Structure formats: C-alpha cells, structure tokens
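The sequence and structure are shown first, and the description follows.

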Amino acid sequence: MCPRLAGAMRLGPRPATLGLLLLCAAAAGAGEAEELHYPRGEHRADYDREALLGGEEEVDEYVKLTPEEQHKRLKSIIKKIDLDSDGFLTESELSSWIQMSFKHYAVQEAKQQFVEYDKNTDGSVSWDEYNIQMYDRVIDFDENTALDDAEEESFRQDKKRFEKANQDSDPGLNLEEFIAFEHPEEVDYMTEFVIQEALEEHDKNGDGFVSLEEFLGDYKRDPTANEDPEWILVEKDRFLNDYDKDADGRLDPQELLSWVVPNNQGIAQEEALHLIDEVDLNSDKKLSEAEIMESQDLFLTSEATDYGRQLHDEYFYHDEL
C-alpha cells in the first residue's frame with residue numbers, strides 16, 4: 001500500500017472510497033498503476049472504467065442504456081455542472097462538480113453502512129453495535145493495557161474517534177455523527193481529531209511536528225545499497241515539495257493534514273484541466289455541450305461523471321438536483 005494512502009485509511013476501517021482509490025493512483029507516481037493507466041504514455045480510458053466504475057453490476061447497467069438515454073442523461077448532467085448557465089463548462093465548474101460527487105458518494109456509503117450497523121434499528125449506532133459489526137463480538141479493553149492482537153489494538157483509536165464524533169448526550173451515533181465517524185475528513189469539527197491522530201501515529205519524539213525521518217516511518221537504508229529505492233526518493237520529494245510548505249524540514253499540524261487527508265480538491269482540479277485539454281476543440285479553455293458530446297466516451301470515463309456511474313444515479317441527472 002502506498003504510504004500516503006496508508007495514512008489516509010487509518011482514519012477508519014471502511015472500504016476504500018473513490019477518493020482514496022484516486023489518491024493511491026496519484027501517489028503511485030511512475031509505479032504499476034501509472035503504467036497500467038498510461039501504457040507507453042497513451043491513456044487507457046477503459047482502465048478507468050474497469051477500476052472505478054464500481055464493479056460488474058454497474059458496468060452491465062451502463063451497457064444496457066440506449067445511446068439516446070445516455071445522451072439525454074449526459075446533457076442533463078452538463079446543465080447541472082454549468083452553474084452560471086452560460087452554455088460552457090469552466091475548470092472551476094468542473095472541479096466543483098467533481099468535488100461534490102466525491103462527497104456525495106462518501107455520504108451515500110456511510111448511509112448504507114449505518115443501516116448495516118444499526119442492529120436494533122433504533123436510528124442510532126452504539127459502540128457495541130459497531131463492535132459486533134466489525135468483530136462479531138464486543139471487545140473489552142482497559143484504557144491503559146495493550147491488546148495482544150495488533151488489529152484489535154488499533155480499535156482503541158476507533159473508540160476515540162467514535163467518542164469525538166458523538167456531539168450529543170446520546171451514547172450512540174445518529175446518522176450525521178456516523179458520517180463524521182466514518183469520514184472525518186468531510187466534517188469540520190473532526191479536523192482537530194484527524195491531526196491529533198496523525199501526530200500520535202507519526203510524531204515519535206512528541207515535539208508536535210513530523211520530521212522527514214518520522215514521515216518515512218521504519219525505513220532504514222540497506223547498508224549494501226548505494227542509494228535509496230525509488231519509492232523513498234518519491235516520498236522524500238513529496239515531503240519537501242508538496243507538504244513542507246514553509247521548508248523548515250518538518251510538517252506542522254496543518255501541513256500534516258494535507259498528507260493524511262485525501263486532497264479531493266487537487267484531484268478534482270487536475271481532472272478538470274485534463275478534460276478541458278482533451279475535449280476543448282477550439283482552445284477557448286472551456287467546454288461546450290457540442291464539444292462534450294463529440295468526446296462523449298472520454299467524458300464518460302472521467303471523474304466528471306464518476307466513470308459513467310452518474311448516468312445511473314438520479315441524484316445527478318434528475319432535473320431537480
């Protein structure tokens with residue numbers, strides 16, 4: 001697993017969301033995922049659909065749509081992306097739409113999980129219900145005693161996040177609190193917890209910062225090697241050029257946040273610029289409906305439509321979004 005994704009996924013024991021999958025692809029750099037996505041430098045649109053459309057069921061549903069229905073739903077989505085209704089999609093409008101899509105699916109995922117976890121259907125997920133869903137039993141542990149099982153030991157942090165997400169006197173989590181628990185990166189009041197969790201994980205000397213050495217974790221160079229492996233060089237470059245904004249050789253809490261939380265905004269902006277570069281036929285830096293329909297296959301294998309998934313979700317193509 002790529003180191004940055006590992007940090008992000010420590011936010012909770014949940015299935016990888018679209019944002020996290022994209023994050024790993026981005027962090028892979030010139031690795032295997034990049035080579036599969038761009039063999040010999042050429043973009044494979046079908047790779048996007050295979051990897052992120054959502055599985056065989058969604059692919060089958062996509063194939064079942066007639067071309068006429070695909071056009072109708074895509075045109076409806078285009079109108080919704082066009083916030084100022086001027087007939088063109090700008091980089092800003094595309095980016096905003098993609099970010100909204102990321103958040104929508106994160107919330108929908110949490111809503112589905114909420115139903116599964118709420119064993120007694122009382123509209124609240126208790127800590128015991130969460131235990132049973134995750135481990136088929138309630139795990140009892142003393143706050144000051146380490147558990148033998150490393151996976152169960154990590155459960156201690158889940159309890160802290162559970163308690164932080166709980167905003168009222170009810171011992172269980174309502175739906176909004178459960179969303180905050182499952183996706184703390186989407187909720188402002190969980191930001192401090194996310195930072196503190198990351199510091200506890202990586203700040204080994206307790207100075208409130210994460211140094212490059214702490215950032216790289218347990219890595220030690222092979223004494224017989226002349227240089228670091230490529231992935232270490234990539235991570236060092238990322239530390240120096242992406243995260244350490246003030247160039248002081250360490251990550252402060254806000255810089256740390258940009259590492260451990262998926263940067264959906266950056267991913268969305270990058271995809272928006274990619275779409276404009278590929279679809280903009282007259283080089284005016286914006287997309288018309290005609291240009292999009294001309295390059296429909298490319299548009300339907302991008303984050304702008306969640307790789308075609310939005311054509312099957314009324315939330316996106318229905319007129320009253």
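## Contact between α11 and α14

In this predicted model, Thr-191, Val-194, Ile-195, Ala-198, Leu-199 and His-202 of helix α11 meet Pro-253, Gln-254, Leu-256, Leu-257, Trp-259 and Val-260 of helix α14. By class, nine of the residues in this contact are nonpolar and three are polar, while none is charged.

Helix α11 spans residues 191-202 and helix α14 spans residues 253-260. Their axes come within 9 Å and cross at roughly 85°. An angle from 65 to 115 degrees counts as roughly perpendicular, and α11 is therefore roughly perpendicular to α14.

## Helix α10

Helix α10 covers residues 175-182, and six of its eight residues are buried, so the helix is largely enclosed by the rest of the structure. The buried residues are Glu-177, Phe-178, Ile-179, Ala-180, Phe-181 and Glu-182.

At the start of α10, Asn-174 places a side-chain oxygen within 3.2 Å of the backbone nitrogen of Glu-176.

## The largest nonpolar core

The largest nonpolar core has 17 residues, of which Tyr-130, Phe-178 and Phe-181 touch the most other members. At least two residues of this core come from each of α7 (91-117), α8 (127-135), α9 (150-165) and α10.

Which residues does Phe-178 contact, leaving aside its neighbours within four places in sequence? They are Ala-110, Gln-113, Phe-114, Tyr-117, Val-125 and Leu-173.

## Helix α8

Helix α8 has its own set of buried residues: Trp-127, Glu-129, Tyr-130, Asn-131 and Tyr-135. Among them, Tyr-130 is also one of the core residues that touch the most other members. Asp-136 follows α8 and has a positive phi, near 65°.

Ser-95 lies in helix α7. Its relative accessibility is 3%, and Ser-95 therefore counts as buried, the limit being under 20%. When neighbours within four places in sequence are left aside, Ser-95 is in contact with Gln-265, Ala-268, Gln-269 and Ala-272.

Ile-98 also belongs to helix α7. With a relative accessibility of 0%, Ile-98 counts as buried. Although Ile-98 and Asn-264 are 166 residues apart along the chain, their C-alpha atoms are separated by 8.6 Å.

Definitions and conventions: Residues are numbered from 1 along each chain as its sequence is written. This is a predicted model: local features need pLDDT of at least 70, side-chain atom pairs count only at pLDDT 80 or more; totals for chains, interfaces and linings use all residues. Side-chain values use heavy atoms; hydrogens and water are left out. Buried means under 20% relative accessible area, exposed over 50%, partly exposed in between (1.4 Å probe, protein chains only). Helices (H or I, at least four residues) and strands (E, at least two) are DSSP runs, numbered from the N terminus. A polar contact is a pair of N or O atoms within 3.5 Å; within protein, one must be able to donate a hydrogen and the other to accept it, and residues adjacent in sequence count only if both atoms are side-chain atoms. A nonpolar core is a set of buried Ala, Val, Leu, Ile, Met, Phe, Trp, Tyr and Cys residues joined through side-chain atoms within 4.5 Å. Contact means heavy atoms within 4.5 Å. Axes are lines fitted to C-alpha atoms, for helices over the stretch in contact, and angles run from 0 to 180 degrees between N-to-C directions. Angles under 35 degrees count as roughly parallel, over 145 as roughly antiparallel, 65 to 115 as roughly perpendicular and the rest as oblique. Ala, Val, Leu, Ile, Met, Phe, Trp, Tyr, Cys and Pro count as nonpolar, Asp, Glu, Lys and Arg as charged, and the others, Gly among them, as polar.
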